[in-house]
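I opened this entry to note what I looked up, starting with a pocket.

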Amino acid sequence: MDRYDFKIPIGPQHPALKEPESFLLTMHGEKISSMTVRLGYNHRGIEKACELQTYIQDMYLIERVCGICSHSHATCFIQAVEEIAGLQVPKRALYIRTLVAELERVHSHLLWLGVAGHEIGFDTLLMYSWRDREVVMDILAMLTGNRVNYSVNTIGGVRRDITAEHIPQILKAIDTLEERTKYYIQIATEETTIIKRLSGVGMLSYDDGVHLGAVGPTARASGIDRDVRRDDPYASYEDVKFAVITDKHCDVYGRAVVRVLELMESYKIIRQILANLPDGPIAVKAPRKIPAGEALSRYEAPRGEDVHYVKANGTDKPERVKVRAPTLANVQVVAHMLKDRYLADMPIVIAAIDPCFSCTDRLISVTDAGKGTKNTMTWPQLHSYSIEWHRKSGIDFSELNKKFKVPGN
Amino acid sequence: MINVFFNILIFPGLIFLSIFGLGAEYFDRKLCAKLQNRVGPPWFQPLADFIKLLAKENVIPNQADPTVFTLMPVLAFTATLTAFFYIPLWQTKALSSFNGDLIVVLYLLTIPTLTFFLGGWYARSVFSMIGAARSIIQLFAYEIPLFLAILAPAMMAGTLSLSEMTVFYGSHPWLVLLNLVDFVIALVALLGKLEKTPFDIPEAETEIVAGCLTEYSGRLLAFFRIAIDMEMVVGSSLLAAVFLPFGFNFGFAIGFILYLVKVLFVVALLSLARTIVARLRIDQMINFCWKIVAPAAFLMLVVDLVVKGLISR
């Protein structure tokens with residue numbers, strides 16, 4: 001860092017970020033020389049909270065890990081629980097889960113397309129793709145009753161069945177979306193300013209992608225041919241035919257191409273599922289107490305591979321739940337991709353991994369490497385720190401403090 | 001004397017320009033919304049925004065230079081207003097004119113960008129300082145093409161007075177066609193001047209929040225906003241006077257309506273441009289302006305010289 005370098009804080013509050021997260025950029029003119037990511041502004045303690053509630057309650061809690069891929073997290077968790085309990089989920093339920101999963105992927109990728117457009121200052125793309133996203137949101141609301149947080153899963157199956165009236169409506173919506181998606185593919189591959197802003201930006205080579213553990217479309221755009229849906233099929237992905245989209249561009253442009261082409265694959269999957277929907281029950285009865293055991297469940301969320309680990313101890317509450325959201329795997333590559341790039345590329349490079357920071361946030365404690373001191377505070381310490389801070393600006397709360405007898409003082 | 005005050009303060013001066021500026025902003029926003037398949041704002045939205053901002057608290061950052069910080073919006077406002085007086089609107093004669101007023105108008109239109117730079121720079125926040133640096137870099141990219149694009153028609157007319165230029169093109173209407181390429185160049189440069197997509201780099205929201213205007217709030221921001229609106233009208237009026245010089249001889253009523261139509265046409269072209277492209281990066285913008293736009297403007301200057309030589313022979 002020389003004397004002309006300066007630091008820009010991107011976040012925790014910044015227009016480019018939809019959620020609080022801090023990126024501290026060291027700039028050299030318009031170029032980024034280094035970047036540090038600071039997680040932890042959105043930590044909600046969901047993993048811990050899961051241990052305090054029953055499995056059924058946890059399902060609704062886990063769904064709220066992410067607002068966009070809520071079905072992904074819920075299904076991933078439920079799969080682990082069902083594996084421990086040894087439940088045979090009916091085929092129809094698995095089909096419905098897959099259907100909702102793919103509709104969710106459509107809605108997530110269309111949302112990403114809009115966000116990407118906004119980040120490069122192309123608001124028309126944002127308005128168009130979010131308008132079309134409403135089509136799939138309406139279908140999801142019709143099927144599950146909710147636009148987000150569908151709560152369609154239950155342990156041992158699903159809660160809502162698809163009726164015969166639903167199928168033509170879904171097919172019609174898919175036709176509309178397919179036509180629009182073709183238009184977006186055309187825009188993404190032909191519009192000069194988009195190509196100028198996306199190609200060559202945020203390069204991630206195949207080797208770097210493997211070493212840094214990239215997942216999902218971010219990895220597939222670097223030629224890493226990985227998709228849990230094909231490699232380790234869950235739900236009813238064994239029964240459907242689809243292609244895993246990969247791309248050799250290794251940049252943000254490649255990621256955009258992978259996502260719009262994945263939309264087309266999702267439409268294919270949805271059509272196959274609706275054509276082959278088996279009859280039968282939609283759920284089996286699940287025990288309230290899950291026998292002791294542990295399971296790891298993998299799921300291809302729209303953003304990449306989602307991993308849930310559940311450990312049961314024979315009661316109706318899990319002993320440990322661990323969530324590895326896809327953004328946690330991808331967030332490491334951002335710093336690598338931004339090195340020596342322009343400041344103007346920062347929003348789109350961050351957006352290109354389709355980040356979901358609330359899924360990713362972990363409680364961290366900062367340790368000073370030189371002194372070995374931990375930068376954590378207990379409640380009384382924080383309390384006296386705040387009193388001291390206010391006293392410096394001329395407001396004295398210490399009298400009030402004595403009056404209320406705050407513990408620790 | 002009263003007449004002069006009326007002209008400066010009410011029509012076609014301050015009041016008219018402010019109202020027309022807000023109207024043009026509404027037209028721009030509504031058209032953009034329609035093109036983007038949105039509903040868009042109601043007609044009074046720009047005025048409501050202006051009044052709301054006037055009522056808000058004026059925050060001057062501790063580290064900012066208060067004099068420069070407060071002076072800049074007013075300077076931007078007055079510079080655009082002054083430029084307006086030298087542009088022929090609905091008749092061939094502007095409110096005030098002399099040989100060389102074209103240069104004065106172009107320089108007065110540069111002042112708002114300089115005020116963005118100074119205001120942003122003296123606000124002393126990282127975002128506004130990057131925005132300030134970017135707006136001054138961008139100024140160097142679009143200013144030369146704009147000057148060349150407007151110089152070519154002026155050279156053809158053999159005068160540096162906007163009013164005399166409109167008289168010349170009134171008697172040689174076919175020569176206007178020769179300036180069509182210059183019109184496109186000037187539109188591109190005006191997009192840069194008004195900091196609209198694809199050249200909204202100095203105020204790229206997703207990168208540097210609001211660029212130079214990040215620290216501005218309340219009345220000062222209101223004045224900057226209305227100065228930008230007025231700059232849009234003045235810039236469009238300049239382009240209309242130079243590149244669309246027809247309909248000046250039909251009296252006040254028709255001429256005035258024609259003037260409004262011409263300005264709104266230019267504004268519509270600007271909104272169309274900003275809906276169909278993405279924002280460029282600053283290096284791409286400079287490359288584009290210096291490698292494509294400026295050489296094209298030079299080429300048109302040469303073409304105009306040759307044509308002028310052929311005509312005068």
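I began with the second largest pocket, which has 19 lining residues; Gln79(A), Leu94(A), Pro233(A), Tyr234(A) and Ala235(A) are the ones nearest its centre. I am working from a predicted model. The elements giving two or more residues to this lining are α3 (70-85), α4 (91-119) and β6 (293-301), in chain A. I noted a volume of about 450 Å³ for the second largest pocket. By type, its lining residues are seven nonpolar, four polar and eight charged.

Next I looked up the largest pocket, with a volume of about 1,100 Å³. I found 32 residues lining it, and nearest its centre lie Glu195(B), Lys196(B), Asp200(B), Glu203(B) and Arg274(B). Two or more lining residues come from each of α5 (123-144) of chain A and α2 (14-35), α9 (205-208) and α10 (218-243) of chain B. The largest share is that of α10(B), with five residues. I recorded 12 nonpolar, six polar and 14 charged residues in the lining of the largest pocket.

Then I turned to a sheet in chain A: three strands, open, antiparallel, in the order β1-β2-β3. Because β1 (6-10) and β3 (31-38) each have a single partner strand, one side of each has no neighbour in the sheet. Between β2 (residues 22-28) and β3(A) I noted seven bridges. In this pair, Phe23(A) is opposite Val37(A). Helix α12 (residues 326-338) of chain A packs on the sheet and touches β2 and β3, its direction at about 165 degrees to that of β3(A).

Last, I checked the domains of chain A: domain 1 covers 46-341 and domain 2 covers 367-403. Their centres, over C-alpha atoms, are 43 Å apart.

Methods: Residues are numbered from 1 along each chain as its sequence is written. Chains are lettered from A and ligands numbered from 1 in the order in which they are written. This is a predicted model: local features need pLDDT of at least 70, side-chain atom pairs count only at pLDDT 80 or more; totals for chains, interfaces and linings use all residues. Side-chain values use heavy atoms; hydrogens and water are left out. Domain bounds come from an automatic or database domain assignment. Two strands pair if DSSP finds at least two bridges between them. Helices (H or I, at least four residues) and strands (E, at least two) are DSSP runs, numbered from the N terminus. Contact means heavy atoms within 4.5 Å. Axes are lines fitted to C-alpha atoms, for helices over the stretch in contact, and angles run from 0 to 180 degrees between N-to-C directions. On a 1 Å grid over the protein atoms alone, a cavity is a set of points where a 1.4 Å probe fits but cannot get out, and a pocket is an open set with protein on both sides within 12 Å along at least five of seven lines; lining residues have an atom within 4 Å of a point. Grid points are joined across faces, edges and corners, and a volume is the space filled by probe spheres set on the points. Ala, Val, Leu, Ile, Met, Phe, Trp, Tyr, Cys and Pro count as nonpolar, Asp, Glu, Lys and Arg as charged, and the others, Gly among them, as polar.
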